[in-house]
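Good morning, colleagues. Please have the model open as I speak.

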Amino acid sequence: MHGLRHTVLHTSGCPLGNLIPEWNDLAFQGRWRDALEVLLATDNFPEFTSEICPAPCEGSCVLGITHEPVSIRQIEREIIEEGFRQGWVGRVRPVRD
């Protein structure tokens, strides 16, 4: 994870419209559950998207002008993994009629 606080709006790089600056800042603050709630507001399957998305948002990160861009994909992955570790997210089996 990048150590710099990053709150500049750059959501135009996300095809899902994820609220990247918001959940990134919450993760930076260690507010993982809040970060998870914000992430899940726009992404129903971050456990998949954090693995397969080519992360065009990282190329849109304005921090990359002067520093390494924020590793958004990795932060997204950490948020959902923390959700699974803490039991905030789990498997849901479909109910059959």
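Helices here are DSSP runs of H or I with at least four residues, numbered from the N terminus. This is a predicted model, in which local features need pLDDT of at least 70 and side-chain atom pairs count only at pLDDT 80 or more, while totals for chains, interfaces and linings use all residues. Residues are numbered from 1 along each chain as its sequence is written, and side-chain values use heavy atoms, with hydrogens and water left out.

Let me begin with helix α3, where Ile 52 lies. Buried means under 20% relative accessible area, exposed means over 50%, and partly exposed is in between, with a 1.4 Å probe and protein chains only. On that scale Ile 52 is exposed, because its relative accessible area is 70%. Its C-alpha atom is separated by 9.5 Å from that of Arg 73, 21 residues apart along the chain.

I turn now to the interior. A nonpolar core is a set of buried Ala, Val, Leu, Ile, Met, Phe, Trp, Tyr and Cys residues joined through side-chain atoms within 4.5 Å. The largest such core has 18 residues, of which Ile 20, Trp 23, Ile 72, Ile 75 and Ile 79 touch the most other members. Two or more residues each come from α1 (20-28), α2 (32-40) and α5, and the largest share, five residues, is that of α2.

Which residues of α2 are buried? They are Trp 32, Ala 35, Leu 36, Val 38 and Leu 39. These residues are on the same side of α2 because they cover an arc of only 165° around the axis, taken from the directions from the helix axis to the C-beta atoms. They pack against α1, α3 (46-52) and α5.

Finally, the charged pairs. A salt bridge is a side-chain nitrogen of Lys or Arg within 4 Å of a carboxyl oxygen of Asp or Glu, and the structure holds four. One of them joins Arg 77 and Glu 51, at 2.8 Å from N to O. This pair links distant parts of the chain, with Arg 77 in helix α5 and Glu 51 in helix α3, 26 residues apart. Arg 77 is buried, at 18% relative accessible area, whereas Glu 51 is partly exposed, at 44%. A polar atom of the Arg 77 side chain also lies 2.8 Å from the backbone oxygen of Ser 50.

Within α5, Glu 82 and Arg 85 are three residues apart, about one turn of the helix. Together with Glu 78, they are linked in a network of salt bridges.

Technical notes: A polar contact is a pair of N or O atoms within 3.5 Å; within protein, one must be able to donate a hydrogen and the other to accept it, and residues adjacent in sequence count only if both atoms are side-chain atoms. Contact means heavy atoms within 4.5 Å.
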